Amino acid sequence: MRDDPGVTALVKRARDGDQEAWNALVDRFAPLVWSVCRRHDLSRADAEEAGSNVWLRLVEGLGSLREPAALPGWLVTVTRRECLRVVSGRRGQVLVADDRFPGEDGLAADAEVLKQEQYLALREAFAGLSDRCRRLLTLLFSEPRPSYTEISDRLDMRVGGIGPTRLRCLDALRRSAPLAPYVTAPEA
């Protein structure tokens, strides 16, 4: 195929702006481009994107193609690069449902960022509590919540000590450095 005089003639005519020659090139080499895309295990949409970019590159680069008969090899090389670009672009993406994005206005986005920061601060503060506090608060805020008797048995703690210990744990949580910027001081 490399020395195919028909390819050379089509490339030269396409360079001169012959639309029929362009159509003939696309018809002739579209299966080649498609097969390279499919070998990269691209979805149909990704293969179509990569293929479209290949044809765009051909439009941009046909005038600078030194050896017209080398067009098939050039197409394979450019198609591989486009497929790899599509694949590498997918790696950094995490698909999420649209309802997880805040609204378009800035206030909604700011509120969502603040909520996420508070959530992370709470997690960090909770991780900094003693094991006893973490276990107690986890049980007290779990669903369904166990009775004080069950909590007493699980934590080897007197039933009468659960309330005061809970208060000390919550106080330690409020005073923790990660949560300090988000907690307002109690009124005197």
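1. The buried residues of helix 7 are covered by elements that include helix 6 (131-140) and helix 8 (159-175), where contact means heavy atoms within 4.5 Å. Helices here are DSSP runs of H or I with at least four residues, numbered from the N terminus. This is a predicted model, in which local features need pLDDT of at least 70 and side-chain atom pairs count only at pLDDT 80 or more, while totals for chains, interfaces and linings use all residues. Residues are numbered from 1 along each chain as its sequence is written, and side-chain values use heavy atoms, with hydrogens and water left out.

2. Which residues of helix 7 are buried? In this helix, which runs over residues 148-155, they are Ile151, Ser152 and Leu155. Seen down the axis of helix 7, these buried residues fall within an arc of 100°, so they line one face of the helix; the arc is that of the directions from the helix axis to the C-beta atoms. On the other side of helix 7, Asp153 and Arg154 are exposed. Buried means under 20% relative accessible area, exposed means over 50%, and partly exposed lies in between, with a 1.4 Å probe and protein chains only.

3. After helix 7 comes Asp156, which has a positive phi, near 55°. Arg158 sits in the loop between helix 7 and helix 8, and this residue counts as exposed because its relative accessibility is 63%. From C-alpha to C-alpha, Arg158 and Tyr148 are 9.0 Å apart in space, although 10 residues separate them in sequence.

4. A search of the whole structure finds 1 disulfide, the term being used for a pair of cysteine sulfur atoms within 2.5 Å. The bond joins Cys133 to Cys169, with an S to S distance of 2.1 Å. Cys133 lies in helix 6 and Cys169 in helix 8, so the pair ties together parts that are 36 residues apart in sequence. The torsion about the S-S bond of Cys133 and Cys169 is about -80°, so the disulfide is left-handed. Both Cys133 and Cys169 are buried.

5. Cys37 is in no disulfide, and the nearest cysteine sulfur to it, that of Cys83, is 3.6 Å away. Cys37 counts as buried, since its relative accessibility is 0%. Cys83 is likewise in no disulfide, its nearest cysteine sulfur being that of Cys37, and Cys83 also counts as buried, at 0% relative accessibility.

6. How many salt bridges does the structure hold? There are 9 salt bridges, each being a side-chain nitrogen of Lys or Arg within 4 Å of a carboxyl oxygen of Asp or Glu. One of them pairs the side chains of Asp18 and Arg13, at 2.9 Å from N to O; Asp18 is partly exposed at 25% relative accessibility, and Arg13 is partly exposed at 36%.

7. Another salt bridge is formed by Arg57 and Glu82, whose closest N and O atoms are 3.4 Å apart. This pair links distant parts of the chain, with Arg57 in helix 3 (residues 44-61) and Glu82 in helix 4 (residues 71-91), 25 residues apart. Arg57 is partly exposed, with a relative accessible area of 31%, whereas Glu82 is buried, with a relative accessible area of 6%.

8. In helix 6, the side chains of Arg134 and Asp131 meet in a salt bridge, and these two residues, being 3 residues apart, are separated by about one helical turn. Elsewhere, salt bridges that share partners join Glu49, Arg57, Glu60, Glu82 and Arg85 into one network.
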